[in-house]
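Student: I would like to learn how to read a protein model. Could we take one and go through its features in turn?

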Amino acid sequence: MIGRCIGETSLTQISFISKEMPQVGEYVILEYNQKVILGMIESLVRGSVSLNNEIYNPDTVAKIRQIEGDDYYIKGTVKILGDINDNLRIPRTPAPPGTEIKKAPANILKDIFDIENSLKLGTLINQSDVEVGIDINKMVSRHLAILAMTGAGKSNTVSVIIDGLLAQNGCMLIFDMHSEYVDAEFTNGDVNVIKPIINPRNMDFTEIKKLANLKNAPIQERYFRKAFFEANEKVKQGVAESNDFIELLQINLEVMYDEGENAAEKNKIMDVLNKIEDLKIKYDKLLNTSAGDILKEIKLGKANVLDLGQVDENTAEVLVAHILRRSLRSRKDYVKNHNEDALSYPVFFIVEEAHILAPKNRNPNSKHWITRVAREGRKFGMGLCLVSQSPKSVDEETLSQANNMIILRLVEPKDQRHVQAASESLSEDLVAQLPSLNIGEALVLGLMTKIPTLVKIDEFKGRQRGGDLDILNQWKTTKKSQKKRAKRDRKEIMDLIS
Ligand SMILES: Nc1ncnc2c1ncn2[C@@H]1O[C@H](COP(=O)(O)OP(=O)(O)OP(=O)(O)O)[C@@H](O)[C@H]1O
Ligand SMILES: [Mg+2]
């Protein structure tokens, strides 16, 4: 027994008093009305009746302590999680005051976490013999957010999830902003690196218009639109003069320029031509007419990694938007029309640095499509995993679409409030636990788990970049190699002289 209920009890929460120190996050059971009710300890305080706040002299405290010994009490609250024998439904009657609170036996917890089609994340922080699995179907279809301060273990968690999905022949695409996963080694499948290149022929009008920076310029847009659709038509009919789509646009516009009726018209067309020239320079590495269809490179049973480490944020936004827009269309096409040529299997999209790709205060195209997938993806087998070390900078609406959360150590109050606003199941007491989590420890919430859980995430055993660097060692070895080089240079000079 841990303790007994005191004061008023409710259907969702009870207070208790105890002599032994339990742990926050620990599971307990209450037995009453022939029911076994599961709960989780959410908060704890320790106090003493005689050593109250009205004593102002430490010597007095010492004296009282000498007389009373360690006479203190432990008070806490338990969140009621539900009836163990009734699918964890919340009971209809509150526990009678005085009810015993007992530690939940491991076999009951094992039954709860033993989910069919699950992925093993780790073990309970408070009971390392109980493994914690999460429901893969619910995780992918109802989206996931992995949030924590930097270095708390987000990427490690992502790797554990990827490996678990690979074991089930899953399909995921990681938008890898720092080339962290490019040379990772998973135990259950290979990495398939996808180069950040788009064939402009696969871009639609609004997309390419944005790249060309044609905003609020209706006349320029009219010429551009005409050139775009003419070029598209020529490609379709197989009569294009060039296989470079951008060059085709330029050719069309040059013809328009030559046929221009007056100087004003010619000036406008020249403006469009200049913008296309700028686009070619700015997105030189992104656009390539000989590239294949990027969607066709997403392979089943592989960790597909879009390597965004070498491209700037602008380009990354364009790519993410392009892939999500076309994937959504392709999945709809497959689900509704059974088009065999479309993306024929569900995909889990992992968005690292979600505060850059779906930011709160800006509206890049990537945010538009991330939000669309968050809202509509479920019906078409498209899941999102948003990863961020700055939850407060992630778009609120997008975050609130994540019905599952893995929150590791999170210290900043603004971040905590933002996360709490996005998740209904995150109580004040649980938020208070977030700063005290260690590296790799997480609060797991949402539909993919039956009950909120404090988990020690497994350490990913395969190889992955992005861990903490050994700075001192790097300084030392750099100094050594500089010395060596200087010595060699000196010797070369001496050899030359002699
Ligand atoms: N569950 C874990 N068990 C043991 N060590 C861990 C665990 N999670 C993370 N670590 C260690 O902590 C370090 C940082 O982890 P990780 O790179 O996953 O953090 P991150 O939150 O992704 O950081 P960043 O914000 O910089 O991307 C790693 O070197 C890793 O070895
Ligand atoms: Mg990381």
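Student: Which residues point one way from E16 and which the other way, and are they buried or exposed?

Tutor: Keep in mind that this is a predicted model. The general idea is that side chains in a regular strand alternate between the two faces of the sheet. Here, Glu-441, Leu-443 and Leu-445 point one way from E16, while Ala-442, Val-444 and Gly-446 point the other way. The residues of both sets are buried.

Student: Which strands pair with E16, and in what sense?

Tutor: Strands of a sheet pair through backbone hydrogen bonds, either parallel or antiparallel. Strand E15 (residues 404–407) pairs with E16 in the antiparallel sense, over 4 bridges. Strand E17 (residues 453–457) also pairs with E16 in the antiparallel sense, over 4 bridges. Leu-443 of E16 is the bridge partner of Ile-407, and Leu-443 also stands opposite Leu-454 in E17. E16 and E17 form a hairpin, with 6 residues between them.

Student: What is the order of strands in the open sheet?

Tutor: The open sheet has 11 strands with mixed pairing, in the order E8-E7-E17-E16-E15-E9-E14-E13-E10-E12-E11. Strand E8 (131–135) and strand E11 (191–194) stand at the edges; each has a single partner strand, so one side of each is left without a neighbour in the sheet. From one strand to the next, the twist averages 30 degrees.

Student: How do E11 and E12 run, and how many bridges join them?

Tutor: E11 and strand E12 (residues 303–307) run parallel and are joined by 4 bridges. Val-193 stands opposite Val-305 in E12.

Student: Which residues touch the most other members of the largest nonpolar core?

Tutor: That core has 132 residues, and Met-172, Phe-349, Ile-350, Val-351, Cys-385, Leu-386 and Ile-407 touch the most other members. Helix H9 (residues 313–337) gives the most to this core, with 7 residues. H9 lies across strands E10 (172–176), E12, E13 (347–351) and E14 (382–388), and runs at about 160 degrees to E14. As for Ile-350, leaving aside its neighbours within four places in sequence, Ile-350 is in contact with Val-158, Met-172, Ile-174, Phe-175, Cys-385 and Val-387.

Student: What does a closed barrel look like in strand order?

Tutor: In this model, a closed barrel of 6 strands runs E1-E2-E5-E4-E3-E6, with antiparallel pairing. The twist there averages 40 degrees from one strand to the next. Strand E1 (residues 3–6) and strand E2 (residues 13–18) pair over 4 bridges in the antiparallel sense. Gly-3 has Ser-18 in E2 as its bridge partner.

Student: How many of the 11 residues of helix H1 are buried?

Tutor: The count is 0, and helix H1 (residues 58–68) is hardly covered. Just after H1, Gly-69 takes a positive phi of about 70 degrees.

Student: Into which domains is the chain divided?

Tutor: The division gives domain 1 (3–104), domain 2 (118–196 + 294–457) and domain 3 (201–282). Taken over C-alpha atoms, the centres of domain 1 and domain 3 are separated by 71 Å.

Definitions and conventions:
Residues numbered from 1 in each chain as written. Chains lettered and ligands numbered in written order. Predicted model: local features only at pLDDT ≥ 70, side-chain atom pairs only at ≥ 80, totals over all residues. Buried ≥ 20, exposed ≤ 12 C-beta atoms within 10 Å, placed from the backbone. Helix = DSSP H or I, 4+ residues; strand = E, 2+ residues; numbered from the N terminus. Pairing = 2+ DSSP bridges. Core = buried A, V, L, I, M, F, W, Y, C linked by C-beta atoms within 7 Å. Contact = placed C-beta atoms within 7 Å. Domains from an automatic or database assignment. Axes fitted to C-alpha atoms, helices over the stretch in contact; angles between N-to-C directions.
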